[in-house]
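Q: I'd like to go through the charged pairs here. Can you walk me through them?

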Amino acid sequence: MTATQVTALYGPVAEDMILVEDLLESTKNVDLPPLKRMLDHALEARGKRLRPALVLLAGHLGDYNLNRLVPLGAAIELLHTASLVHDDVVDGATSRRGRPTANAVFDNALTVLLGDYMFANAAEMVTRTGSLAVTRLFALALMKMTSGELDQDAAAFDAGKDVQHYLWRIGGKTAALFANATEGGAMLANCDERTIEAMRTYGYSFGMAFQIVDDVLDFVGDEAVMGKPVGSDLLEGTITLPGLLFLERYPKDNPIRRFILARRDREARLREAIEAVRNSDCIDASMDMARDYIRRAQEAIAFLPESETKRCLIDLSDYVLTRKS
C-alpha cells in the first residue's frame, strides 16, 4: 500500500501510524544474532496494518493518547504476525505473499520458538497501555484465535461441517482480534459504554467480512496479487464458506467431496472443484453475507457524530468488500 493510499484510508491517524512501525521495528533490537535474523525475516513484509489503524481510529473517538494507543496497536499487529508464523509451520507452507515463510528459511522447531517469542513480546507491549481491562481483552482474543485455529486444523478434510460452524470458527480465528483492536482502542480513549460496545460490534463485524472476502478470493482471486495459489485453503483441507454453500446446495456428486475423497489425480480434482464453485451462485452468496456483516458494522456506528474519523471507519469497511488481497 502506497503512502497516498494509507493517507486516504487512515485519514486522521495516517501520520501516527509511523509510531506503530517504530515500535514494531524496536522488537528486532535483540542481542542474539540468530533471533535477530529470524525477526528481521518475519517482520520484513509490511501488510496494510489494518488492525493497528483501527486501534488508533477507535482511540480518535475519545481521548487520543498515543502513549497508550500505539502499544496496543503494535501488540495486536505483532500478535497477528506471530499467529501467521505458527500457521505456516502447522500448514507446512513454504511461501506467503510471494515470500518464503520463516519455516521455509529456518527449521520448524526454531520457527515455533520465534512465534513464541513474538507472542511474549506482544504481551509485554500490551501491558504498556497501563490498562488491566485491555490486557485481559488481549489475552481473551488470543485464546479465541487459538481455539479457532485448533478447530480449523481438527476439521481439515471434513465435509460434514456446516455454515454455522464456519462462522463460529472465523469469529475466533479472525474477528476476535479485529474486535480487540476497536474495543480496546475505544476503552483506552475513555469513550462511553455505548461507543465502546459499538466499536466492539464494528470490529467483530468488520473481521467477519474480512475473512469471508479472504475465503472468496481463495477461489476467484489473482494469484499474482494474492501471492499464493488459488485454492490453497481447499488443498489443505480447509472448507470455507463458498465451498460449504456449494456442498449444501449441490449435495449429489459434488466435486469438492470428490476431491476430499480422492487418493489419485488430486490436482485435477482440485481444479475441478475450484472451477465448479467459481461458476456457481455460491461466490455471490458468500459476498452477500460479507456485505451483511459490513452493514452491521456501519449500523453500529451510525449514531456517532459526523467526523473525519467516522467517515474513515465507513470507508475502511467498504474497502474490505473491494480488496483484491
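This is a predicted model: local features need pLDDT of at least 70, side-chain atom pairs count only at pLDDT 80 or more; totals for chains, interfaces and linings use all residues.

Q: Which side chain does Glu77 meet in a salt bridge?
A: The side chain of Arg49. The N to O distance is 3.1 Å.

Q: Is Arg49 buried or exposed?
A: Buried. Its relative accessibility is 8%, and the cut-off for buried is under 20%.

Q: Where do Glu77 and Arg49 lie?
A: Glu77 is in helix α5, residues 66–91. Arg49 is in the loop between α3 (33–44) and α4 (50–59). The two are 28 residues apart in sequence, so their pairing ties those parts together.

Q: New topic. How many salt bridges does the structure hold?
A: 20.

Q: What about helix α16? How far apart in that helix are Asp288 and Arg291?
A: Three residues, which means about one helical turn separates them. Helix α16 covers residues 282–300. Asp288 and Arg291 form a salt bridge at 2.7 Å, N to O.

Q: How accessible are Asp288 and Arg291?
A: Asp288 is partly exposed at 44% relative accessibility. Arg291 is partly exposed too, at 39%.

Q: And which residue pairs with Arg295?
A: Glu299. Their closest N and O atoms are 3.0 Å apart. Both sit in helix α16, four residues apart, so about one helical turn lies between them. Arg295 is partly exposed, with a relative accessible area of 37%.

Q: Last one. Which residues are linked in a network of salt bridges?
A: Asp253, Arg258, Arg269 and Glu272.

Definitions and conventions
Residues are numbered from 1 along each chain as its sequence is written. Side-chain values use heavy atoms; hydrogens and water are left out. A salt bridge is a side-chain nitrogen of Lys or Arg within 4 Å of a carboxyl oxygen of Asp or Glu. Buried means under 20% relative accessible area, exposed over 50%, partly exposed in between (1.4 Å probe, protein chains only).
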